[in-house]
There are 2 protein chains.
Amino acid sequence: MGKERIPEAAIRRLPVYLRVLEELSEDGVDVVSSAELAARAGFSSEQIRKDLAYFGAFGTRGVGYDPVVLSSKLKRILGLTGDVKVALVGAGNLGTALARHNLNRHKEVRISAIFDRDWDKVGKSIAGVEILPIEDLEKVIRAQGIKMAIIAVPAVEAQAVADQLMAAGVEAILNFSPAKLQSRPGTYIQSIDLMTELQALAYYTTPNSGSARLAGDEREVSEGEVSTV
Amino acid sequence: MGKERIPEAAIRRLPVYLRVLEELSEDGVDVVSSAELAARAGFSSEQIRKDLAYFGAFGTRGVGYDPVVLSSKLKRILGLTGDVKVALVGAGNLGTALARHNLNRHKEVRISAIFDRDWDKVGKSIAGVEILPIEDLEKVIRAQGIKMAIIAVPAVEAQAVADQLMAAGVEAILNFSPAKLQSRPGTYIQSIDLMTELQALAYYTTPNSGSARLAGDEREVSEGEVSTV
């Protein structure tokens, strides 16, 4: 497939570039340098050039990129052409927030089916999409040709839901449960563990007076690379 | 500070290693090879060795790591010693989900203050933490010595909230709004845009029959690196 050769981090930056390019298109901008694109997207221009180079040559050297052309190409690379339907499993607080978030942005990607195992929720709607019983998951996903799904169920239920989704033909899953999920060959699972993110965030704060944290000089040992993600 | 030298992606992997090491400690495991740690954490052993090397030498060559010792060191590196308090701004569906998620895991990091501008919510509690009026934000954050915060408010309000948080002494922010936020020097903002994640996810699905996506061979142009994040 060749997909494995391109870093996930690069793939995850493409939608950020896309958003900036679409803003520029709407503003009627004809050409944008990688430096300008970088400043707006919050990455270095080297990073942007390197990321785009994975997919071929896009800009005009010394001039820049045409926002309309490049955003169209990025959409094709990402597969954001036509109507990209997503299934959401779990209509609790997180699932509800995700479904509502969906409402007014990114028309290319939309939650088209919501499932929950709680019969008190079944039949209700979030942002105009009806909550269906989890028993209908495979049938509905196959009927709609859905290939992407979001898991927003408790950790103990997450692997069973992932298995059901993969059995139904889903190829890419965004997992918001703290469970570490096993994927099948040909399926991609991206987990977002909110508490893992918080723990990483703590690194960027200064130690409290009472803490036994490593001293600053101990943390500078490495001549490591500049942050790129 | 030296912090800039270490890739954010490496920092964000440390909590994942930490979780695996804590599980191993609980299971009474005395020593773990980087290969075993890698298999459990879902990364390559090269990746783990490289990440840990930023912070010095930890394991015994040819033997492995002591889970108790390494997890303790990772906690110190991340600053997860003592009681790490986090402020949450926004008690809507997403904020509520985040606060509940907080309940039963990671005792080192806890949401200790929740703010909302909606007076119908003020005075209620989520997971035992009372929702306070946003007007009290600076006072409470200073009183509690909070240095980390989560933004779960609508995009239009997010920058104003971030500014208030930074003015109150918050140094690291996890932003769940789709707004691109400006940080001040000495402050770190990590944004999690749910729709950006979904757009990136689309890359990992096969094209629908009707789509105008790039052909597979066009997507294999690069001899790019193996995915590391």
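Tutor: Let's begin with a term: domain bounds come from an automatic or database domain assignment. By that assignment, chain A splits into domain 1 (3–76) and domain 2 (84–196).

Student: How far apart do the C-alpha centres of domain 1 and domain 2 of chain A lie?

Tutor: The distance between the two centres is 29 Å. Before we go on, this is a predicted model: local features need pLDDT of at least 70 and side-chain atom pairs count only at pLDDT 80 or more, whereas totals for chains, interfaces and linings use all residues. Residues are numbered from 1 along each chain as its sequence is written, while chains are lettered from A and ligands numbered from 1 in the order in which they are written.

Student: Now the sheets, please. What is the strand order in chain A?

Tutor: Strands of a sheet pair through backbone hydrogen bonds, either parallel or antiparallel. Strands here are DSSP runs of E, at least two residues, and helices are runs of H or I, at least four, numbered from the N terminus; two strands pair if DSSP finds at least two bridges between them. In chain A, seven strands make an open, mixed sheet ordered β3-β4-β2-β1-β5-β6-β7. Its edges are β3 (125–126) and β7 (188–191) of chain A, each pairing on one side only.

Student: How do β5 and β6 of chain A run, parallel or antiparallel?

Tutor: Parallel: four bridges link β5(A), residues 148–151, to β6(A), residues 172–175. One place to look is A:Met148, whose bridge partner in β6(A) is A:Ala172. Helix α6(A), residues 137–144, packs on this sheet and touches β1 (84–89), β2 (109–116) and β4 (129–133) of chain A.

Student: And which strands stand at the edges in chain B?

Tutor: Chain B has an open sheet of seven strands with mixed pairing, in the order β3-β4-β2-β1-β5-β6-β7. At its edges are β3 (125–126) and β7 (188–191) of chain B; each has a single partner strand, so one side of each lacks a neighbour in the sheet. The partner β4(B), residues 129–133, is antiparallel to β3(B) and joined to it by two bridges. There, B:Ser125 faces B:Glu130 of β4(B).

Student: How should I read two packed helices?

Tutor: They are described by the angle between their axes and the distance between the axes. Axes are lines fitted to C-alpha atoms, for helices over the stretch in contact, with angles from 0 to 180 degrees between N-to-C directions. Angles under 35 degrees count as roughly parallel, over 145 as roughly antiparallel, 65 to 115 as roughly perpendicular and the rest as oblique.

Student: Which residues of α1(A) and α2(A) meet?

Tutor: Contact means C-beta atoms, placed from the backbone, within 7 Å. A:Val16, A:Tyr17 and A:Val20 of α1(A) meet A:Leu37, A:Arg40 and A:Ala41 of α2(A). By class, that gives five nonpolar, no polar and one charged residues. Nonpolar covers Ala, Val, Leu, Ile, Met, Phe, Trp, Tyr, Cys and Pro; charged covers Asp, Glu, Lys and Arg; the others, Gly among them, are polar.

Student: What is the angle between α1(A) and α8(B)?

Tutor: Helix α1(A), residues 8–26, and α8(B), residues 194–202, pack at about 120 degrees, with axes 8 Å apart. That angle makes α1(A) oblique to α8(B). Among the residues meeting here are A:Leu14 and A:Leu18 of α1(A), and B:Gln199 and B:Ala200 of α8(B). The contact has six nonpolar, two polar and one charged residues.

Technical notes. Two residues are in contact if their C-beta atoms, placed from the backbone, lie within 7 Å.
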